[in-house]
Amino acid sequence: GFTKVTLALSGGIDSALVACIAKDALGSDNVTAIAMPSMHSSPDSAEDARMLSSNLGIHFLTIPITDLYQAFLSSLTPQFENRPIDITEENLQARIRSNILMAFSNKFNWMVLATGNKSELATGYTTLYGDLSGGFAVIKDVPKTLVYELSEWRNRQERCINDIPQRIIIKAPTAELRPNQVDQDSLPSYDVL
């Protein structure tokens, strides 16, 4: 019964490709992208997400999550006292984003599209109840190297020349859940993977 979809648009290549596929499949009026920057999100990522949405003509919202994240940390401080910051704090951000997407899904009857690719899913480089959440995982069977190839191919098509900003395609993949993070901190290169 869903006629509209929503997705987290990070300014990265995976969510960019999913946004393009959603727009092509459902039309721009039926897609709402939500950017949810945190203190670790780069200004370039926010700008790239906004530019992609504009190029596609899809609806675009920005909901910063830093205050929500700080509220979670404040609530957990007594229990986490004297423990170092680790993946726990990273995953909190992904789960906050998932809750926001699901709130829009429930309120407006929009299906949430998950944006994880096969390389990340196969290695567990993802967050349970975070970026794994969604009613449909559009690129779940697409390895990261093919995500790049499909994005470049789409940008060459006459009706959508350069819809995906070049900076999205060339920047190092990152979850932006901690300072200066890139995927290759935790994974081999995607060509090897």
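## A tour from the sheet to the salt bridges

Start by selecting β1, α1 and β2, which make a right-handed β-α-β unit. Keep in mind that this is a predicted model.

**The strands.** Color β1 and β2. They run parallel, joined by 4 bridges. Pick V5: V31 in β2 stands opposite. Click A33, whose bridge partner in β3 is F60.

Which way does each residue point? V31, A33 and A35 point one way, T32 and I34 the other, and all are buried. That is 5 of 5 residues buried in β2.

**The core.** Next, select L7, L9, A19, L52 and I164. They have the most contacts inside the largest nonpolar core, which has 24 residues. Elements giving two or more residues to this core are β1 (4–8), α1 (13–26), β2 (31–35), α2 (43–56), α6 (144–156) and α7 (166–170). α1 gives the most, with 7 residues.

Center on I164. Leaving aside residues up to four places away in sequence, I164 touches A16, C20, L52, S151, N155 and I169. Then move to another core, which lies apart from the largest one and has 12 residues. Y69, L92, I100 and F104 are among them.

**The salt bridges.** The structure holds 10 salt bridges. Select D24 and R154: their side chains meet in a salt bridge at 2.6 Å, N to O. D24 is in helix α1 and R154 in helix α6, 130 residues apart.

Is R154 buried or exposed? R154 is buried, with a relative accessible area of 4%. D24 is partly exposed, at 36%.

R159 is exposed, with a relative accessible area of 59%.

Last stop: select D44, E47, D48, R167 and K171. Salt bridges that share partners join these residues into one network.

Key
Residues are numbered from 1 along each chain as its sequence is written. This is a predicted model: local features need pLDDT of at least 70, side-chain atom pairs count only at pLDDT 80 or more; totals for chains, interfaces and linings use all residues. Side-chain values use heavy atoms; hydrogens and water are left out. A nonpolar core is a set of buried Ala, Val, Leu, Ile, Met, Phe, Trp, Tyr and Cys residues joined through side-chain atoms within 4.5 Å. Buried means under 20% relative accessible area, exposed over 50%, partly exposed in between (1.4 Å probe, protein chains only). Contact means heavy atoms within 4.5 Å. Two strands pair if DSSP finds at least two bridges between them. A crossover is right-handed if, with the strands pointing away from the viewer, the path from the first strand over the helix to the second runs clockwise. A salt bridge is a side-chain nitrogen of Lys or Arg within 4 Å of a carboxyl oxygen of Asp or Glu.
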